[in-house]
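Please open the model in your viewer and keep the sequence panel beside it. The stops below are meant to be selected one after another.

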Amino acid sequence: MNTDFTVEEHTHGDASVLRVSGELDLRTSPELEDRLSRAFDAGAELVILDLRGIEFMDSTGLRVLLSAHQRAHESGRRFALVRGADQVERVLTLTGVRDLLTVVDAPEELLAAGDQPSDGA
Amino acid sequence: MSLTTTAHGLAPIEAHQALFYSGDDEYLAGISEFIDPALDRGEPVAIAVPGPKLALLRSELGDRLAPIELLDMFELGRNPARIIPVVLSMIDRSGSPLRYVGEPIWPGRSPEEIREATRHEALINLAWPDADVGVLCPYDTELLDDQVLLDAQHTHPGVVRDRRLAASSAYADGRPPTGCDVPLPDPPPDAVAQEFEIADLRRLRAWVGERAATSGLDQDRVEGLVTAVNELVSNTVRHAAPHGTLRFWTAPGEVVVEVEDEGHIADPLAGRRRQAMGAGGLGLWMVNQLCDLVEVRTSVDGTTIRAHSRL
């Protein structure tokens with residue numbers, strides 16, 4: 001476990017929201033990759049990765065986002081990001097990765113109004 | 001003129017030409033002769049030259065420039081490793097054919113910048129092997145050093161002199177001239193160094209951030225430098241030996257960082273094309289975008305990457 005990186009998951013109907021905080025780098029990215037895979041494995045139709053709590057992201061984090069995007073695309077599901085701090089935005093922009101992904105300001109923009117939040121695992 | 005043509009009909013010596021010019025008239029004539037046929041056919045043309053040269057072109061060629069994408073090479077080519085990515089994105093966007101005028105070497109550039117711009121010129125020969133892209137690179141024969149002009153003959157299959165294009169006998173197939181790979185000068189005595197391994201990433205980011213901030217880089221650039229250093233260090237611990245050395249120093253007008261490890265970067269275009277973004281390519285791409293000059297010295301004995309950020 002990395003103390004400088006945490007993932008909280010909430011499910012809303014068939015959507016799964018992963019709220020991450022801390023620093024996303026070579027050491028912590030594998031954990032995020034694993035959690036995203038599990039969300040897709042569990043059958044989520046929409047996976048939202050909330051980056052608002054991320055203070056730093058590097059290219060290994062980017063690759064995890066790209067592979068989640070790829071998996072969603074291939075299985076006809078959706079993957080979206082909630083916009084992070086300036087550093088995160090900058091990394092997404094200067095690599096061109098931002099153009100490939102759906103980016104919103106808050107998860108609520110994508111969640112159906114009637115869904116009741118419930119804690120997932 | 002000759003010659004063997006490539007699949008798309010462009011002769012090899014036409015694909016990458018040095019324009020040796022002296023004075024504005026030769027400059028304008030050389031560029032016009034290169035771009036006019038493409039403009040007449042309605043094909044895409046882009047020009048990236050130093051700001052004052054852009055102004056000259058605008059005043060002399062006027063409306064003729066309307067369909068042309070114009071870029072200031074002072075900005076685009078500050079780090080010469082950013083030029084190939086921009087041309088590749090033009091090819092992605094508008095497809096080939098493309099005619100591109102690029103002047104990355106101008107009088108007054110520092111020796112380090114000229115070395116890296118010369119490396120860029122060599123790599124152009126490898127960057128888009130199958131695309132119908134013609135490149136013309138103006139060289140000011142009055143003001144540039146003789147060695148720069150010799151190197152241009154090494155990096156360009158064709159050279160235009162006195163308005164005639166001829167094959168360059170010194171052309172070396174995309175291998176940079178040996179002068180590009182002279183060892184980097186030693187770091188100054190006041191450089192501070194840190195040995196590192198994977199567990200140190202977070203600590204190193206904080207270390208670089210503090211030093212960069214107290215050296216006078218503004219907040220935005222500090223963040224960029226921390227991001228760049230993190231990529232360099234991550235490449236080391238992921239690809240090379242499990243450890244390396246990070247150095248940091250300041251020089252007049254800039255902050256310099258250097259990462260040394262036992263790895264070898266085999267792809268000369270790493271960090272310059274998206275296809276090479278697997279493995280360490282994406283990290284190097286980011287470093288090139290975030291720093292003003294990046295010097296790479298790599299061999300089977302190890303790699304040193306020195307990145308400069310202007311204050």
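**Before selecting.** This is a predicted model, in which local features need pLDDT of at least 70, side-chain atom pairs count only at pLDDT 80 or more, and totals for chains, interfaces and linings use all residues. Residues are numbered from 1 along each chain as its sequence is written, while chains are lettered from A and ligands numbered from 1 in the order in which they are written.

**Stop 1: the two domains.** Colour residues 12-180 of chain B as domain 1 and 186-310 as domain 2; such bounds come from an automatic or database domain assignment. Their C-alpha centres are 29 Å apart. Where they touch, domain 1 of chain B contributes 13 residues and domain 2 of chain B twelve (contact means C-beta atoms, placed from the backbone, within 7 Å). On the domain 1 side, helix H5 (83-94) and helix H6 (111-127) of chain B each supply at least two residues. Helices here are DSSP runs of H or I with at least four residues, strands are runs of E with at least two, and both are numbered from the N terminus. H6(B) has the largest share of that side, six residues.

Stop 2: Select strand S4 (residues 98-102) of chain B. Is S4(B) largely enclosed or open? Five of its five residues are buried, so S4(B) is largely enclosed by the rest of the structure. Buried means 20 or more other C-beta atoms within 10 Å of the residue's own, with C-beta atoms placed from the backbone. B:Leu98, B:Tyr100 and B:Gly102 point one way, and B:Arg99 and B:Val101 the other. In a regular strand the side chains alternate between the two faces of the sheet.

Strand S2 (residues 45-49) of chain B runs parallel to S4(B) and is joined to it by four bridges; strands pair if DSSP finds at least two bridges between them. B:Ala48 has B:Gly102 as its bridge partner.

**Stop 3: a hairpin.** Go to strand S6 (residues 158-161) and strand S7 (residues 164-167) of chain B, antiparallel and joined by four bridges. B:Val159 stands opposite B:Ala166. Two residues lie between the strands of this hairpin, and B:Asp162 in the turn has a positive phi of about 45°.

**Stop 4: the sheet of five strands.** Next, show the open antiparallel sheet of chain B, in the order S8-S9-S10-S12-S11. Its edges are strand S8 (192-196) and strand S11 (293-299) of chain B, each pairing on one side only. S8(B) is joined to strand S9 (residues 244-251) of chain B by five bridges.

**Stop 5: the side facing chain A.** Finally, show both chains: 16 residues of chain B are in contact with 14 residues of chain A. Helix H8 (201-214), helix H9 (219-239) and helix H10 (281-290) of chain B each give two or more residues to the chain B side. H9(B) has 21 residues, of which 16 are buried.

Conventions: Two residues are in contact if their C-beta atoms, placed from the backbone, lie within 7 Å. A residue is buried if 20 or more other C-beta atoms lie within 10 Å of its own, exposed if 12 or fewer, and partly exposed in between; C-beta atoms are placed from the backbone.
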